[in-house]
Amino acid sequence: MAASPWHHFGPHDTVLFAGRGGGPRKTMSRKRRSYEAGHQAKFLVVVDDTPECDRALYFASRRAARVGINVIMLRVIDTHDRNQQWLGVADIMRAEAHEEAQQMLARAAARANGIAGITPEQVIREGDTAEEILKLIDEDEDISVLVLAAGAGDEGPGPLVSSLGTTAGSFPVPMAIVPGHLSDEDLDAMS
């Protein structure tokens with residue numbers, strides 16, 4: 001039997017477990033199969049432009065290597081601000097956004113490999129980040145934990161943690177929130 005990703009969480013880890021709580025419940029069509037034969041559990045990390053993204057990637061990579069599971073990285077391209085009147089320009093912008101997303105994921109994958117010797121899966125989606133996270137979780141029955149990092153500044157926990165944190169009670173998988181101020185050494189000791 002594969003090791004549980006939660007088996008070695010310590011007293012300093014902040015983990016929000018999704019359950020039946022307030023807010024609308026997102027129903028998933030697929031159950032989690034992370035630990036069944038032929039499957040492997042995955043930590044999902046969203047790769048974005050925030051400084052705290054590296055903290056989530058670092059923690060997820062180290063933790064995944066320690067417990068023998070995989071990491072899947074998601075980059076979402078925001079398509080809301082595109083003017084559809086200029087289709088030729090929109091196509092060029094879309095191609096450039098995909099190329100930039102591929103480069104960003106390649107850098108993040110190289111970082112994960114350097115941190116923990118793992119080779120994460122890479123996924124690019126277009127649309128609203130929160131919606132695409134939920135879609136990917138629904139489609140990939142091996143995703144067992146969403147790993148996010150909270151911002152370390154006075155501006156609050158960051159846009160992704162703020163938006164998803166309000167739905168934690170009805171989220172389809174557990175969310176691990178990594179404090180953004182933790183150093184590599186701090187995370188090494190916890191992951």
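Strand β2 sends K42, L44 and V46 to one side and F43 and V45 to the other, and all are buried. Buried means under 20% relative accessible area, exposed means over 50%, and partly exposed lies in between (1.4 Å probe, protein chains only). Five of the five residues of β2 are buried, so the strand is mostly covered. Helices (H or I, at least four residues) and strands (E, at least two) are DSSP runs, numbered from the N terminus. The model is predicted: local features need pLDDT of at least 70, side-chain atom pairs count only at pLDDT 80 or more, and totals for chains, interfaces and linings use all residues. Residues are numbered from 1 along each chain as its sequence is written, and side-chain values use heavy atoms, with hydrogens and water left out.

What lies beside β2? Strand β3 (residues 70–77) pairs with β2 in the parallel sense, over five bridges. Two strands pair if DSSP finds at least two bridges between them. Within this pairing, F43 stands opposite V71 in β3. The chain gets from β2 to β3 through helix α1 (residues 53–67), and this β-α-β crossover is right-handed. Right-handed means that, with the strands pointing away from the viewer, the path from the first strand over the helix to the second runs clockwise. Strand β5 also pairs with β2 in the parallel sense, over four bridges. Here L44 has L146 of β5 as its bridge partner.

Next comes helix α3. Its buried residues are E132, I133, L134, L136 and I137. Why do residues three or four places apart in an α-helix point the same way? An α-helix has 3.6 residues a turn, so residues at that spacing point the same way. The cover over the buried residues of α3 includes β2, β3, β4 (121–126), β5 and α4 (159–165).

Which residue meets D140 in a salt bridge? The side chain of K42 does, at 2.6 Å, N to O. A salt bridge is a side-chain nitrogen of Lys or Arg within 4 Å of a carboxyl oxygen of Asp or Glu. The pair links distant parts of the chain: D140 sits in the loop between α3 and β5, K42 in strand β2, and 98 residues separate them. Both D140 and K42 are buried.

E141 meets R33 in a salt bridge too, at 3.7 Å, N to O. This pair again links distant parts of the chain, 108 residues apart: E141 lies in the loop between α3 (129–139) and β5 (143–150), and R33 in the loop between β1 and β2. E141 is buried, with a relative accessible area of 13%. R33 is partly exposed, at 30%. K31, R33, E36 and E141 are linked in a network of salt bridges.

Is S34 buried or exposed? Its relative accessibility is 4%, so S34 counts as buried. Leaving out residues up to four places away in sequence, S34 touches H39, Q40, A41, E141, D142, I143 and S144. Contact means heavy atoms within 4.5 Å. A polar atom of the S34 side chain lies 3.0 Å from the backbone oxygen of D142. A polar contact is a pair of N or O atoms within 3.5 Å; within protein, one must be able to donate a hydrogen and the other to accept it, and residues adjacent in sequence count only if both atoms are side-chain atoms.

A further salt bridge joins R111 and D184, with the closest N and O atoms 3.9 Å apart. R111 lies in helix α2 (residues 87–116) and D184 in helix α5 (residues 184–190), so the pair ties together parts 73 residues apart in sequence. R111 is partly exposed at 31% relative accessibility. D184 is partly exposed at 25%. The count of salt bridges comes to 15.

Now the whole chain. The protein has five helices and six strands. From the N terminus on, they run β-β-α-β-α-β-α-β-α-β-α. Buried residues make up 42% of the 191 residues. Among contacts between residues at least 6 apart in sequence, 80% join residues at least 24 apart.
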